[in-house]
Amino acid sequence: RVGAAARGPVVVVLNVGSPKHLPWLGCVDAVLLAHFGGQEAASAVTSVLLGEVNPSGRLPTTWPRSLSDVPAKAAAARREGLPRPGDVPYDE
């Protein structure tokens, strides 16, 4: 909702260590992943946002477009009932 109400480009900076569900992805102009930035994270993010450097890194992880793309979620959906928080269903 915030992205839709903004005047101008909306860039979301994620400071996370693992893939997350991003249902709002289609509502923003760009996403910058800034995990493990360390002491100079703020300076590095600022340089990217101002166009001083090119964020040419590659993601070491796969980010699903929806929860249905997550294998653990699909396995949980096949089970009867809902899994408890923290459960990781496994079957072969």
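Modeller: Leaving aside neighbours within four places in sequence, Ser47 is in contact with Glu52 and Val53. Contact means heavy atoms within 4.5 Å. This is a predicted model, where local features need pLDDT of at least 70, side-chain atom pairs count only at pLDDT 80 or more, and totals for chains, interfaces and linings use all residues. Residues are numbered from 1 along each chain as its sequence is written, and side-chain values use heavy atoms, with hydrogens and water left out.

Ser47 sits in helix α2, residues 41-49. Helices (H or I, at least four residues) and strands (E, at least two) are DSSP runs, numbered from the N terminus. Is Ser47 buried or exposed? Ser47 counts as buried because its relative accessible area is 17%. The cut-offs are under 20% for buried, over 50% for exposed, and partly exposed in between, with a 1.4 Å probe and protein chains only.

Together with Val11 and Val13, Leu49 makes a nonpolar patch of about 230 Å². Patch members have over 30% relative accessible area and no salt bridge; like charges are joined within 9 Å, nonpolar side chains (Val, Leu, Ile, Met, Phe, Trp, Tyr) within 5 Å. A salt bridge is a side-chain nitrogen of Lys or Arg within 4 Å of a carboxyl oxygen of Asp or Glu.

Val13 belongs to strand β1, residues 11-14. Val13 is partly exposed because its relative accessible area is 35%. Side chains alternate along β1. Strand β1 runs parallel to β2 (residues 30-33), and 4 bridges join them. Strands pair if DSSP finds at least two bridges between them.

Val12 and Leu14 are part of the largest nonpolar core, with Val10, Val16, Leu22 and Val28 making up its 6 residues. Such a core is a set of buried Ala, Val, Leu, Ile, Met, Phe, Trp, Tyr and Cys residues joined through side-chain atoms within 4.5 Å. In soluble globular proteins, nonpolar side chains tend to be buried together. Leu22 touches Leu14 and Trp63, not counting residues up to four places away in sequence.

Next, the loops. His35 lies in the loop between β2 and α2. With residues up to four places away in sequence not counted, His35 touches Leu14, Asn15, Val16 and Gly17. His35 and Gly17 are 18 residues apart along the chain, yet their C-alpha atoms are separated by 5.6 Å. Pro60 sits in the loop between α2 and α3 (71-78). Pro60 is exposed because its relative accessible area is 65%. Its C-alpha is 9.9 Å from that of Ser18, 42 residues away in sequence.

Finally, the whole chain. The protein chain has 3 helices and 2 strands, in the order α-β-β-α-α. Buried residues make up 15% of its 92 residues.

Definitions and conventions:
Accessible areas come from the Shrake-Rupley method with a 1.4 Å probe; for residues, only the protein chains shown count as cover.
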